[in-house]
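Here are my notes on this one, jotted down as numbered points. Have the viewer open while you read.

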Amino acid sequence: MAEYDLSKTLIPYLDRHLSFPLLAHLVETGVFPADEVQVAQYELAKGTNMFDYAVSLFQQIYPNQEVPKEFEEKRVNAVSTHERLEHEAQAVLDVITIPDVAQALRQDKNQNLQYLKDNFNLTLEQITALYNFGKFQYSYGNYSGAADYLYHFRVLSTDPDLTISAHWGKLASDILTGKWEVALEELNSLREAIDSRTPAPFASVSSSANNNTPAVDPALSQLHSRTWLVHWSLFVYFNHDQGRALLLETFLSPAYLNTIQTSCPWILRYVAAAAIITSPTPTSKSSSVPQSSRVKNAVREVVKVIQMENYQYEDPVTAFLMQLHVEFDFESAQKELQKAEKVVLDDFFLGQFHDEFLESARCLVSEAYCRIHQRIDIGDLSDRLNLPRAEGEKWIVNLIRETRMGQDAKIDLEKNLIQISRPPQPVYQSVIEKTRGLAIRTQALGAAIARSGAAAAQANVSTSVQVQSVEPVAAVV
Amino acid sequence: MSRFFKQAGDSDSDSDESEELMSSGDEAPQAKPSGSKPAMSRFLRTAGSDSDSSDSDSDSDEDSDSDSDIPKPKKTGLPLRSDSEESESEEEDRQGIRIISAQERRLAEMEGTGKAIENGLKINDWVSISNEFDKLARMIQRQHNVSEPIPPFYLKTLISLETSVASAIAKEKEAKKKMNATNAKALNSMKQKVRKAFREHAEDIVKYQADPEKFEREYTALITRDAPTTGAAKTTNGDAIDVDGNEDFRPVGRGGRSVALTAEGIFKSLKSVQEARGKKNTDRGEQIRILEKLLELATTTYQRIRVLLALISSRFDYNSSASSYMPTELWISAQNEVDQLVAVVASNPAYIVQELTEDYDELVERSPATEKDGIVRIRGSIISFIDRLDDEFTKSLQNIDPHGTEYVDRLKDEKTLYSTVCRAQAFYEQTKQDDPLSRVVMRRLEHIYSKPDAVVQALESSTESADIKPSITLASKGSTTGLIHSLCVHLYRTGNSLHRTRAMLSHIYHYALINDFHTARDMLLMSHLQESIHSADVATQILYNRTVVQLGLSAFRSGMIKEAQSTLLDIFTTQRVKELLAQGVHQQRYQVLTPEQEKAEKQRQLPFHMHINTELLEAAFLVSSMLVEIPLLASIDSEELKRKAISKPFRRLLDFADRQVFTGPPESTRDHIMQASKALQDGEWERCRDLVQSIKIWSLMPEAASVKEMLAKRIQEQGLRTYLFTYAPHYNTLSLSLLAQTFSLPLRSVTSIVSKMIWSEELAASLDQSSGCIVFHRMEVTRQQQLALIIAEKVSAMAEQNEKALDAKLGTSGGWGDRADGKTGEKRGEQVQERRGRGDRTRGGSRGGARGRGARFAQGLGNQMGHTSQRAG
């Protein structure tokens, strides 16, 4: 299944530290040889300040070799840097933890800065020390500490670039400490920051240059930021309770959909999976939270996107949706589902949703199947769902009992069939539907005319007369 | 003719003198080498003649000077004569026998005028006398400008005129009524003029009258004094001096001094050639020949560059009219010379050709040593030569009959042209001049973007063997796509937005050509070009149209029928395919093009080998329309609902075909497709397939076989859909296996197609899995129900209409903008605006159907044409 593993494509878009969990997961799944993954882990750790971890990895990989000296030197260096930075940062921290100061700080960052400068002689450089220390802490794995410092820095700093950078750092720290609520907040604020950052140049680019403009293009850097955000947010979305719905909400918004289509089509796997997972199933009765229309129609939209991007990216998860909703080839859909099941199980993000995925996917299959067919052989359907016969029957009965399909579908046990009778929509129904909005629309029209004066009043009268004459006809039918 | 010779003969001595005058700037020995001898006559003669022409054009310079002084231009005075003289002198130049110096000619002219005055006097025609005298005065004025002495001839004429005017006036007084009004007027003005001239030259006249002979002697003495060594310069005189000059010529020619001498001569003659440029009576062919000789003579790099610059531009000057093209031989030599120039400049980094330089003395030899920073900057523009060369090539292809062998022969020159362009690119890369570099890269790209792999390889092969290579070659990039990609990327990086746009379009075109539809489409959409293309110039709009059309073809070749149909629809709705692709002039039914418009249109045309075959295009469009439209038509009948036609051009053709009483065997592509459409409607997919496949034009597609196969498959599928739509009302159930058999499709794909139709609610049916058949849910609609449906439909349409009307009346005031469908309201507003915009244009009315991108196509040239017609009107 190595060919469907996305770790290799994802890691370039992740922070060094964020990649560790992915690699650890690879060790567990055993898709790749364990020792190779370990070497990768070691290479990764070498670039950080987590010496102990690196050394232990080194010893695991090369048990007979001596640990390189450089680690010792680096450690000494790091300790001294740590002390220095801590000292610098502490000065600022001391000031801002004074309760009076905390109260005196306002929304306006410039004013805050002035205030701190006047009363405590704090300069911008000193505040930047917070950032440096936070970054250093992050580099040796003290994520919660890093998050704290970066938070304080962000409150005080006025430098836009460093603030954004602090945003990213804080997000990474929150992800790595597993505080999903906080991380989600952080993610949203970062998203806003990115989206709002370059509104003006964007318009000018589309109007004048309209090309793959030079590298310093703000639109391009925005695209990069969005790509990164899309990747990082996977951590949050697949761990937070409401994450999948939020993922669809975000990723199907035009800006991010474009980002995915342009720079990282492989994310479609996660979008597709999230769409499948969030689709309603009889067992998931958690519809307490009202879902937006975007999430409700997620499957349809995702299918459209997948169809469009099929030439760029394809894996069992997307292929399953393709076969089911574009080709209506249930046999291949079944095969793809089998493969997708395995892919999902091995995937770092999707692994824990394996059961939900399977359940929802089966629901999708049976829904499509029932809508198209009139008489269905239960055994056949069970096959399509990758279920043994007996279990399949149980599953189908459950399905019929618990969904709205129950009114139309009847099981004929003698022949082992499901009969679905779906009466066609009566004519009067469609007439009612067609004339439904007319009264309100005409009223609005009338209001508009009343406002604009009596000149156009006659048109109004004629319409309302027409509408009234229609309703009796509908009643007669 | 005879008079001319006579005059020329008369003024032999004068011509000698003029020769002297010319060389007076030089030292006496320097004039010697131009003393000719038969053995070297070829070179010397031209050298001599060009010094002549130098003189003659300095003369014509003065001509123009004096013209500007005197409001009445000279040519109105003597059109015939000057013309004939021109031709004569041309002839003579060519024969190389006699060269008439400027002064000689001036004198001859003067004498001619004097003769005319005499004639006038004889018949008492004062109007003509007055005219002639004006002319004479102007000539004298000119003479004065070159600080030549007043010829005695003039004074003689003046004096005789004075007496005759006096006598005429006296006569006039005696016998009135003899002269008509104009003549009398002329006489009076003549009197004034003569008096004035007398006053001006009073001194000379007194002298002349005192002793005419002495004056004349003085005059000749004055002239000869300027040049002591008379006659040495003249070949044509055939004097004995020639023999003398002969003997000391050789040693000098071989000696070191001669270099300086020829160099000096080169600059002078160059200058004269340059000054002759654009003058009325310069012989361009002769100029070119002079320059060619000069090039042979040029020894230093500086000289070579200077001569080459002049030579190339005079070659381009050769044919000044806009409609005809440069002769091929000239073009080839120009191309060679551009190559030489590039090579010279590239191999000598100390010499730079720039469009803007500081002023320098044109007549002085320069070398890196003499310049301040060790770099010689020369005024000129290589890039414009290359642009021009390329343009001339295109022009010649536009004008040559594309079906003759000449065209093919001419096309072979593209290879050398391409290598020239590549060399120039290498040169600019070497010297790091970004602006010309991007222009040259653009040229290169335009040569290869629309060509298939093999042709590009052939073109590129020549660059491989060249001495200087550009950084981007086919060999270094591995494939055509790589080559084009890197060229385009280079252009994207430049600041010029026109180049970027064109590069983008060429890039997309190339991707479309190699059937990479997705990449091409994504690039086109991401570039947002369709929004800004209206503001581009016509050539870019044509390129855009070409790109879109090629994209449609690529979709067709890759089997994406729907995409192909919607892409090609836009251009076919306009019904001006040829015009929009610049592959032919559109025939207007109600409007006649003005000659200017026609000319402009002709200049826009693409050379034949760049054409996209319109018949193939039409076949692709119609076939894809058929595959989209026929099932749709079938479904409309079954639902008894009017739906919007997707493809109007196709519908129109189909209706036309339906109306025909007799249908013979198909001949044209259209016939084939129309009959195929009918067969498809009747469910005879095999006949339809055969008809479509027998269209001959497919063979023009590189992948004809696979395209045919794809079409057959699509026809099967669409045939099945059409069949289901058409015959569903007549069945209760329909076995899937039977369908599979009828349409020779695998059962699985039949199931898949039917499922799709059910899922999208196109077909009111469901599948019965156990028995393997389709069960139709036919819903019988009573008459009353049907009417109810119709009236409901109509009412809602009416409500919509009212809203629209109100919208138009209230404008965009948001009286009910708070409605849920406020957005659609906006859109409608836009549409209304668009329609209004189209109404304004003169030709909007006949084409209501095109909207959206179709309108954009129409606007492409339509706008342009509108402007021109306005200007014309």
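1. Start where the chains meet: strand β1 (residues 373–377) of chain A runs parallel to strand β4 (residues 765–768) of chain B, and two bridges join them. Strands here are DSSP runs of E, at least two residues long, and helices are runs of H or I of at least four, numbered from the N terminus. One bridge partner to look up is B:Asp768 in β4(B), which goes with A:Arg375.

2. A caveat on provenance: this is a predicted model, where local features need pLDDT of at least 70 and side-chain atom pairs count only at pLDDT 80 or more, while totals for chains, interfaces and linings use all residues. Residues are numbered from 1 along each chain as its sequence is written, with chains lettered from A and ligands numbered from 1 in the order written.

3. Now zoom out to the open sheet, six strands with mixed pairing, ordered β2(A)-β3(A)-β1(A)-β4(B)-β5(B)-β3(B). Two strands pair if DSSP finds at least two bridges between them. At the edges, β2 (409–412) of chain A and β3 (733–735) of chain B each pair on one side only.

4. On to the largest nonpolar core, with 238 residues. Such a core is a set of buried Ala, Val, Leu, Ile, Met, Phe, Trp, Tyr and Cys residues joined through C-beta atoms within 7 Å; buried means 20 or more other C-beta atoms within 10 Å of a residue's own, with C-beta atoms placed from the backbone. A:Ala272, A:Ala273 and B:Ile508 have the most contacts inside this core. Helix α30 (residues 614–639) of chain B gives the most to it, twelve residues.

5. Chain B overall: 39 helices and five strands, with 37% of its 873 residues buried.

How values were computed:
A residue is buried if 20 or more other C-beta atoms lie within 10 Å of its own, exposed if 12 or fewer, and partly exposed in between; C-beta atoms are placed from the backbone.
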